[in-house]
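Please read it beside the sequence and the model.

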Amino acid sequence: MKQLGKYDIDLQQVEGSLVSLEFDLDDCFFGGLQDAEIEHGKLKAWVQMSNLGERYEAAMTVKGSVQVPCDRCLELMTIPVEAEQKLVFKLGEAYEELSDELIVIDEESRTVHLDWYLYEMIALSLPMRRVHDEGECNPEMEQYLSGSPIEEETTDPRWEMLKQIKDNNN
Ligand SMILES: [Zn+2]
């Protein structure tokens, strides 16, 4: 008997029947993934696996929220997530992602690891720019960011020269 992880599904179970799965995706879920940029969240996931001839289809839905660092102040901010995706799996000699939606599963293992697909679905649904609403950033960090280092950079040295010339002329 092979060992199945919490988010794994043996395609043999799906043959000729519809399998409905429900998962709670929390910090444990994110922490268990390697290379996951998102570390915190609280979501529900629903997966319906069905068998269509030689293909297996997974209809996946996630709903909830994740916490990611704000691009401006680096404090965690909550972003609501709601996403749906369909994936198609077929059996073959070795694992291969033929496209974003069509994946070959090695026929010896027949196992689909749903965790990474669920994670990718969540990650792709997030906006590129993640910042708090105006006034909601960490005030200390905001003060630091608007302090002298940035102002110095925005002062063009040519203006300084012009100012000196003007001063000398007076
Ligand atoms: Zn912020």
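A residue is called buried if 20 or more other C-beta atoms lie within 10 Å of its own, exposed if 12 or fewer, and partly exposed in between, with C-beta atoms placed from the backbone. The model is a predicted one, in which local features need pLDDT of at least 70 and side-chain atom pairs count only at pLDDT 80 or more, while totals for chains, interfaces and linings use all residues. Residues are numbered from 1 along each chain as its sequence is written.

**Chain and confidence**

Helices (H or I, at least four residues) and strands (E, at least two) are DSSP runs, numbered from the N terminus. There are 5 helices and 8 strands in the chain, and from the N terminus on their order is β-β-α-β-β-β-β-β-β-α-α-α-α. Of the 170 residues in the chain, 15% are buried. The predictor's confidence in each residue is given as pLDDT, from 0 to 100. Its mean over the chain is 88, and 89% of the residues reach 70 or more. Among the elements, β4 has the highest mean pLDDT (97) and helix α4 (residues 148–154) the lowest (50).

**Sheet**

Two strands pair if DSSP finds at least two bridges between them. An open sheet of 6 strands has the order β2-β3-β4-β5-β7-β6, with mixed pairing. Two of the pairings involve β7 (residues 102–106):

| Strands | Sense | Bridges |
|---|---|---|
| β5 and β7 | parallel | 5 bridges |
| β6 and β7 | antiparallel | 2 bridges |

Leu-91 has Ile-105 of β7 as its bridge partner, and Gly-92 has Asp-106 of β7. Glu-96 stands opposite Val-104 in β7. The hairpin formed by β6 and β7 has 4 residues between the two strands.

**Helix α2**

Helix α2 (residues 114–125) has 12 residues and reaches 17 Å from its first C-alpha to its last, close to the 16 Å expected; the expected span is 1.5 Å times one less than the number of residues. Its buried residues are Leu-114, Asp-115, Leu-118, Tyr-119 and Ile-122. They lie on the same side of α2 because they cover an arc of only 135° around the axis, the arc being that of the directions from the helix axis to the C-beta atoms.

**Nonpolar core**

A nonpolar core is a set of buried Ala, Val, Leu, Ile, Met, Phe, Trp, Tyr and Cys residues joined through C-beta atoms within 7 Å. The largest one has 23 residues, of which Ala-45, Ala-58, Met-60, Val-62, Leu-118 and Ile-122 touch the most other members. At least two residues of this core come from each of α1 (27–31), β3 (40–52), β4 (55–69), β5 (76–92) and α2. The most come from β4, with 5 residues.

Two residues are in contact if their C-beta atoms, placed from the backbone, lie within 7 Å. Leaving out residues up to four places away in sequence, Val-62 touches Leu-43, Ala-45, Val-81, Ala-83, Leu-118, Met-121 and Ile-122. Over the chain, residues 24 or more positions apart account for 56% of the contacts with a separation of 6 or more.

**Leu-18**

Leu-18 is in the loop between β1 (8–10) and β2. Leu-18 counts as exposed because it has 10 C-beta neighbours inside 10 Å. Leu-18 and Met-49 are 31 residues apart in sequence, and their C-alpha atoms are 5.8 Å apart in space. Not counting residues up to four places away in sequence, Leu-18 touches Gln-48 and Ser-50.
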